[in-house]
Amino acid sequence: MKCLVTGATGYVGGRLAPRLLAEGHTVRCLARRAGRLRDVPWASQVEVVEGDLSRPESLTGVFDGVDVAYYLVHSLGQTGFETADRQAATTFAAAAHAAGVRRIVYLGGPEPAADDEHSSAHLRSRTEVGRILLDSGVPTVVLRAAVIIGSGSASFEMLRYLTERLPVMVTPRWVTNRIQPIAVRDVLRYLVGCAGLPAEVNRAFDIAGPDVLTFGDMMQRYARVAGLSRRLLLPVRPLTPTLSSYWVGLVTPVPNALARPLVESLVHESVAHEHDIAAYLPDPPGGLTGFDQAVELALTKVRDAQVETRWSNAAGADAPAEPLPSDPHWSGGTAYTDLRRRAVAAPPEALWQVIEGIGGENGWYSFPLAWSVRGWLDRLVGGVGLRRGRRHPHRLRVGEALDFWRVEEIVPGELLRLRAEMRVPGRAWLEMRVQQDDTGQVCYRQRAVFLPRGLAGHVYWAAVAPFHSLVFGGMARNIARDAERIETPTRAH
């Protein structure tokens, strides 16, 4: 069949596409910017089309010839996400129906009780999207999953960092609510299998793993699997979901904007009420993946640097589409720049190795305290902070998150361009290049560019400019130094 995957740059969509290919399906991926999928391993095997579900006019031809359309997009973490998701789902449903699509598959969340006046906006929105798709006139399957356990998922990262960093923790009431988590491998098996369901199936299914646990139980069992001591949990009733989300935002890589809807979802018990999906897609011979095994598999992927996708892969709709400004008069506005050049007594391969390994555990090669403080300040104002890290310790792809940057362009051996996603009054880029002149001299070229927004942007640049010699100057020196240190083994090899 021909399958359309929306959200292919996201956590689940980025894993689903190659699995559909493995089953022999033809895959078309919808993305706001096709370049975001350029470097994924399966890029040459899929058709990538550009379009935006918030702009119906951009979807011409996208659904043509499609048998199964997967709806895996959401605006979670963005202001007004309920309205945005409602409009996107309505547009998707209408386009799929008009094109004669034979099946829609949607991955949603648990449905809150009808009489629950305090249900989270996140769960209400997921439920509303499911209803819109079910009413589309196209046979639809809505898969309702609670917490997904897998390397790189937001829920797993939240669980992982809370457990590993806090051996003693003050906990809110919701840690005693029951949850039925599911391994990402089982979610993907269901998503792939739903492509072949009979046309008369038009309904929602609960999908979940075999274990019913509280979040507190999940922390203790994670600690056991990870070889950590038992955690001491001290319940405090006044710790509201809002306060909890700030606490989660400070301790984990998940920013407040995403942590809040996730935490609010945990306030409700998320236990499967039926397992009807088994009548169409029976459980695998060994049964569904248990919680402990799912954690063990996820930790193995993290340890072996084999994380396929991460929650931070997806960029919001408000992410700028324009490339780095090429000169100070770009678009008639002001662009501040900080340019550094440094000769490097090392082969270009060694210099590139250092550049591509920047961020995450390797840090930013200058004034660690300044970078750390900047990350904490960003978290305090609701930004992503510096703790998103990187998916792989040595390799980067276009579109990946890298601490509080995103990879906007990468030319192996030559160029790495990062776009800032920290909270700043303007837009910022950091560009690193490997250059070699006619004499064979290797040069490291580094450029930071800032486009101010209003007076606040100009004031911001003036305030941070005095520190650039320490931050950007130190970065250039230390990147060159580290490249020179690995020159000998590189040449010997």
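1. Arg19 is partly exposed, at 30% relative accessibility; the term covers values between buried (under 20% relative accessible area) and exposed (over 50%), using a 1.4 Å probe and protein chains only. This is a predicted model in which local features need pLDDT of at least 70 and side-chain atom pairs count only at pLDDT 80 or more, while totals for chains, interfaces and linings use all residues. Residues are numbered from 1 along each chain as its sequence is written, and side-chain values use heavy atoms, with hydrogens and water left out.

2. Arg19 forms a salt bridge with Glu308, at 2.7 Å from N to O. A salt bridge here is a side-chain nitrogen of Lys or Arg within 4 Å of a carboxyl oxygen of Asp or Glu. The two residues are 289 apart: Arg19 is in helix α1 (residues 13–22), and Glu308 is in the loop between α9 (291–303) and β14 (336–344). Helices (H or I, at least four residues) and strands (E, at least two) are DSSP runs, numbered from the N terminus. Glu308 is partly exposed, with 24% relative accessibility.

3. A second salt bridge joins Glu111 and Arg144, whose closest N and O atoms are 2.8 Å apart. Glu111 belongs to the loop between β5 (103–108) and α3 (121–134), and Arg144 to strand β6 (residues 140–144), 33 residues apart. Of this pair, Glu111 is partly exposed at 36% relative accessibility, whereas Arg144 is buried at 18%.

4. Arg221 and Asp292 also pair through their side chains, in a salt bridge of 3.0 Å, N to O. Asp292 has a relative accessible area of 24% and is partly exposed.

5. One network of salt bridges with shared partners takes in Arg388, Arg406, Glu408, Arg419 and Glu421. The count of salt bridges in the model comes to 33.

6. Thr6 is in strand β1 (residues 2–6) and is buried, with 1% relative accessible area. A polar atom of the Thr6 side chain lies 2.7 Å from the backbone oxygen of Tyr70, and the Thr6 side chain also reaches the backbone nitrogen of Leu72, at 3.2 Å.

7. Beyond its neighbours within four places in sequence, Thr6 is in contact (heavy atoms within 4.5 Å) with Leu30, Tyr70, Tyr71, Leu72, Val73 and Phe92.

Key:
A polar contact is a pair of N or O atoms within 3.5 Å; within protein, one must be able to donate a hydrogen and the other to accept it, and residues adjacent in sequence count only if both atoms are side-chain atoms.
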